[in-house]
Amino acid sequence: MEPIQLLLIEDAPDDVQVIKDALAAEGGGAFRLTPVSRLADGLQHLARESADLVLLDLKLPDSEGVE
């Protein structure tokens, strides 16, 4: 079974670590996590690679809110 491709767009390193730890505890190799800290970097990543799931912080240095 292929790992779930998860893109995490989050600028707080502590929050990134919490999610990494939770995923490791839950499934070990079931997830491939790609963390980025800016929306622009996340969009660039998605232009190059697909993701099964995107976790998006709604308050980032280069964007804020749903828009």
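**Group meeting talk: a cavity and the chain around it**

Hi everyone, let me start inside the molecule: strand β1 supplies three residues to the lining of the largest cavity, the largest share of that lining.

A quick word on the source. This is a predicted model, where local features need pLDDT of at least 70 and side-chain atom pairs count only at pLDDT 80 or more, while totals for chains, interfaces and linings use all residues. Residues are numbered from 1 along each chain as its sequence is written, and side-chain values use heavy atoms, with hydrogens and water left out.

Back to the cavity. How many cavities of 30 Å³ or more does a search of the whole structure find? The search finds one, and the largest cavity holds about 40 Å³ of space. For the method-minded: on a 1 Å grid over the protein atoms alone, a cavity is a set of points where a 1.4 Å probe fits but cannot get out, and a lining residue has an atom within 4 Å of a point. Grid points are joined across faces, edges and corners, and the volume is the space filled by probe spheres set on the points.

Which residues line the largest cavity? They are Gln5, Leu6, Leu7, Arg32, Thr34, His45, Glu49, Ser50 and Ala51. Two elements, β1 (4-9) and β2 (31-36), each give two or more residues to this lining. Sorted by class, the lining has three nonpolar, four polar and two charged residues. In that scheme Ala, Val, Leu, Ile, Met, Phe, Trp, Tyr, Cys and Pro are nonpolar, Asp, Glu, Lys and Arg are charged, and the others, Gly among them, are polar.

Is glutamine 5 buried or exposed? Glutamine 5 counts as buried because its relative accessibility is 17%; the cut-offs are under 20% relative accessible area for buried, over 50% for exposed, and partly exposed in between, with a 1.4 Å probe and protein chains only. The side chain of glutamine 5 reaches the backbone oxygen of proline 3 at 3.2 Å. Setting aside neighbours within four places in sequence, glutamine 5 is in contact with Arg32, Ser50, Ala51, Asp52 and Leu53, where contact means heavy atoms within 4.5 Å.

Now let's step back to the whole chain. There are two helices and five strands, and from the N terminus on the order is β-α-β-α-β-β-β. Why does the radius of gyration agree with a compact globule? With 67 residues, such a globule would come out near 11 Å, and the chain has 12 Å, so the two agree. That radius is taken over C-alpha atoms, and the globule rule is 2.2 Å times the number of residues to the power 0.38. The C-alpha trace spans about 35 × 25 × 15 Å along its principal axes. Buried residues make up 21% of the 67 residues. Of the contacts between residues at least 6 apart in sequence, 73% join residues at least 24 apart.

A few other stops along the chain. Valine 16 belongs to helix α1 (residues 13-27) and is buried, with a relative accessible area of 11%. Not counting residues up to four places away in sequence, valine 16 touches Leu8, Glu10 and Pro35. From valine 16 to serine 37, 21 residues along the chain, the C-alpha separation is 9.3 Å.

Serine 37 lies in the loop between β2 and α2 (39-48), and at 35% relative accessibility it counts as partly exposed. Beyond four places in sequence, serine 37 touches Glu10, Asp11, Leu60 and Pro61. The C-alpha atoms of serine 37 and aspartate 57, 20 residues apart along the chain, are separated by 9.2 Å.

Last, two exposed residues. Glutamate 2 is in the segment before β1 and is exposed, with 68% relative accessible area. Alanine 25 is in helix α1 and counts as exposed at 70%. Alanine 25 and valine 36, eleven residues apart in sequence, are 21 Å apart, C-alpha to C-alpha.

Terms used:
On a 1 Å grid over the protein atoms alone, a cavity is a set of points where a 1.4 Å probe fits but cannot get out, and a pocket is an open set with protein on both sides within 12 Å along at least five of seven lines; lining residues have an atom within 4 Å of a point. Helices (H or I, at least four residues) and strands (E, at least two) are DSSP runs, numbered from the N terminus. A polar contact is a pair of N or O atoms within 3.5 Å; within protein, one must be able to donate a hydrogen and the other to accept it, and residues adjacent in sequence count only if both atoms are side-chain atoms.
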